[in-house]
Amino acid sequence: MQSGFEPVWEVCVHILDDPTGLSERAQDLLARTGWREPDSSPRLATDFLRVRDRTGFWIPAPMKLVIRREAFAARFGGLRYVVRQNVALPGVVREVQRRWDFDLRCRMRRDEWGWYFDFVGEHVSSPVAYAVHTDGRVGVTIGEPFMEIAPSVYHLIESHAVLDQVASWQSGFVQAAGSDWVALVDRLDGLSEVAEASGPCARWLLGENVAIRDVLSYPSEGARARHVAVWVRNEHGLNQVEAALAQASPVTAAEGDPGDRRRSRVYW
């Protein structure tokens with residue numbers, strides 16, 4: 001968990017005017033697809049808002065919430081960009097484009113680590129709300145609680161930039177029992193972690209012909225599950241992944257259930 005404020009936030013120059021803190025990959029994504037939408041209506045500054053504390057009483061917005069929310073509005077407010085990704089449909093793989101909006105929404109909530117506030121996020125029909133915590137993390141909520149998806153807004157944009165980069169590659173999902181995916185990564189040469197796009201809840205590994213994304217789901221109830229997606233650039237990458245999976249776990253039996261035996265593999 002992060003603490004304090006990133007220095008670049010304190011400057012509060014809009015990200016499209018000064019992309020300091022972003023990699024060349026992310027800067028290219030914003031240069032190609034990003035734009036800034038002017039405010040369509042006046043917004044009351046957070047300083048003048050009242051919020052409910054954990055007991056339900058209305059109080060003036062705490063200073064830490066004011067600083068983080070206003071810094072977000074100054075640095076990212078009105079930002080729009082488009083992320084390409086490929087989606088597997090029956091018998092075909094299509095490239096789709098998803099728009100992300102960084103406009104503030106009204107909801108603000110408190111949890112045991114501080115406060116968080118909503119922003120628009122991805123343009124899809126979904127019960128998920130996107131939020132930024134006062135400790136810098138980005139997360140989602142489905143009602144409650146806050147579930148982290150990225151250590152910061154910068155990490156989120158960097159992750160989208162990697163996703164956009166591999167949009168033309170062939171994608172699939174790993175079915176791997178236990179920690180077989182870890183063994184898969186160990187057996188794939190040339191992969192390195194994209195640190196600026198990774199964190200405790202989402203991790204990118206990128207090579208010349210293979211990309212792997214390991215993320216925690218955000219269910220409406222129950223524990224968060226680990227999902228692993230794989231992209232291959234060409235036939236060499238495909239052969240590399242399948243060979244590594246075969247070495248990692250030729251046959252895996254679920255603990256306590258000898259009848260549940262399955263091969264770890266990628267579903268393309």
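Colleague: Which residue in strand 13 is the bridge partner of R203?
Modeller: The bridge partner of R203 in strand 13 is D214. Strands here are DSSP runs of E with at least two residues, helices are runs of H or I with at least four, and both are numbered from the N terminus.

Colleague: Before we go on, what sort of model is this?
Modeller: This is a predicted model, in which local features need pLDDT of at least 70 and side-chain atom pairs count only at pLDDT 80 or more, while totals for chains, interfaces and linings use all residues. Residues are numbered from 1 along each chain as its sequence is written, and side-chain values use heavy atoms, with hydrogens and water left out.

Colleague: Back to strand 12, then: how many bridges join it to strand 13?
Modeller: Five bridges join strand 12 to strand 13 (residues 210-216), and the two run antiparallel; they form a hairpin with three residues between them. Strand 12 also pairs with strand 11 (residues 192-193), again in the antiparallel sense, over two bridges, and there S192 has L206 as its bridge partner. Two strands are said to pair if DSSP finds at least two bridges between them.

Colleague: How many residues of strand 12 are buried?
Modeller: Four of the five residues of strand 12 (residues 202-206) are buried, so the strand is largely enclosed by the rest of the structure. Buried means under 20% relative accessible area, exposed means over 50%, and partly exposed lies in between, with a 1.4 Å probe and protein chains only.

Colleague: And strand 8, which of its residues are buried?
Modeller: In strand 8 (residues 138-141), V138 and V140 on one side and G139 and T141 on the other are all buried, which leaves both faces covered. In a regular strand the side chains alternate between the two faces of the sheet.

Colleague: What does strand 8 pair with?
Modeller: Strand 8 pairs with strand 7 (residues 129-133) in the antiparallel sense over four bridges, and it is joined to strand 9 (residues 147-150), also antiparallel, by three bridges. G139 stands opposite A131 and also opposite E148 in strand 9. The hairpin of strands 7 and 8 has four residues between them, with G136 in the turn at a positive phi of about 105 degrees, and the hairpin of strands 8 and 9 has five, with G143 in the turn at a positive phi of about 85 degrees.

Colleague: Changing topic: which residues touch the most other members of the largest nonpolar core?
Modeller: That core has 47 residues, and F72, F76, Y81, F102, I157 and W204 touch the most other members. Helix 4 (residues 153-165) gives the most to this core, with seven residues. Another core, of 14 residues including V185, L188, L238 and A244, lies apart from it. A nonpolar core is a set of buried Ala, Val, Leu, Ile, Met, Phe, Trp, Tyr and Cys residues joined through side-chain atoms within 4.5 Å.

Colleague: Is helix 4 mostly covered or exposed?
Modeller: Helix 4 is mostly covered, with twelve of its 13 residues buried. H160 lies in this helix and counts as buried because its relative accessibility is 7%. Neighbours within four places in sequence aside, H160 is in contact (heavy atoms within 4.5 Å) with L29, Y81, V83 and W100.

Colleague: How far apart are the end C-alpha atoms of helix 4?
Modeller: They are 19 Å apart, which agrees with the 18 Å that the 13 residues should span at 1.5 Å a residue, the expected span being 1.5 Å times one less than the number of residues.
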